[in-house]
Amino acid sequence: MEFFSWCMIAAGIGMGIGSFGTGIGQGLAIKSACEGVARNPGASGKIMTIMMVGLAMVESLAIYVFVVAMIILFANPMKAAVLALLAK
């Protein structure tokens, strides 16, 4: 059962680190976009469009981390080998 405990810990730490990085990246992107609009209000349309595309790219990191965490928790390819080793 120790293997499954480590899987849960790894998935939790991975989600935490991935979410932390995503949050920092999105915050910096929005900060820079607000500064750009404040400097040049006429370019707000282009700035917002580029910001939205950038935020989608940053958010994909969190989605990838979530998918990997779900694989670790529920579809672990090493599960059978680990259980066989534990049974010995």
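Q: In which helix do Glu35 and Lys31 both lie?
A: This is a predicted model, in which local features need pLDDT of at least 70 and side-chain atom pairs count only at pLDDT 80 or more, while totals for chains, interfaces and linings use all residues. Residues are numbered from 1 along each chain as its sequence is written, and side-chain values use heavy atoms, with hydrogens and water left out. Helices (H or I, at least four residues) and strands (E, at least two) are DSSP runs numbered from the N terminus. Glu35 and Lys31 are four residues apart, about one turn of the helix, and both lie in helix 1.

Q: How far apart are the closest N and O atoms of Glu35 and Lys31?
A: A salt bridge is a side-chain nitrogen of Lys or Arg within 4 Å of a carboxyl oxygen of Asp or Glu. The structure holds one salt bridge. Glu35 forms a salt bridge with Lys31, and their closest N and O atoms are apart by 3.6 Å.

Q: Is Cys7 buried or exposed?
A: Buried means under 20% relative accessible area, exposed over 50%, and partly exposed in between (1.4 Å probe, protein chains only). Cys34, with 46%, is partly exposed. Cys7 has a relative accessible area of 9%, so this residue is buried.

Q: What is the count of disulfides?
A: A disulfide is a pair of cysteine sulfur atoms within 2.5 Å. By this rule the count of disulfides is zero.

Q: Which residues make the nonpolar surface patch of about 440 Å²?
A: Patches are made of residues with over 30% relative accessible area and no salt bridge, where like charges are joined within 9 Å and nonpolar side chains (Val, Leu, Ile, Met, Phe, Trp, Tyr) within 5 Å. The accessible areas come from the Shrake-Rupley method with a 1.4 Å probe, and for residues only the protein chains shown count as cover. Ile9, found in helix 1 (residues 2–39), is partly exposed at 41%. The patch of about 440 Å² is made by Trp6, Ile9, Ile13 and Ile17.

Q: Against which helix do the buried residues of helix 2 pack?
A: In helix 2, the buried residues are Met51, Leu55, Ala62, Val65 and Ala69. Contact means heavy atoms within 4.5 Å. The buried residues of helix 2 pack against helix 1.

Q: How far apart in space are Met57 and Gln26, C-alpha to C-alpha?
A: Met57 is in helix 2 and counts as exposed, at 58% relative accessibility. Met57 and Gln26 are 31 residues apart in sequence, and their C-alpha to C-alpha distance in space is 9.8 Å.
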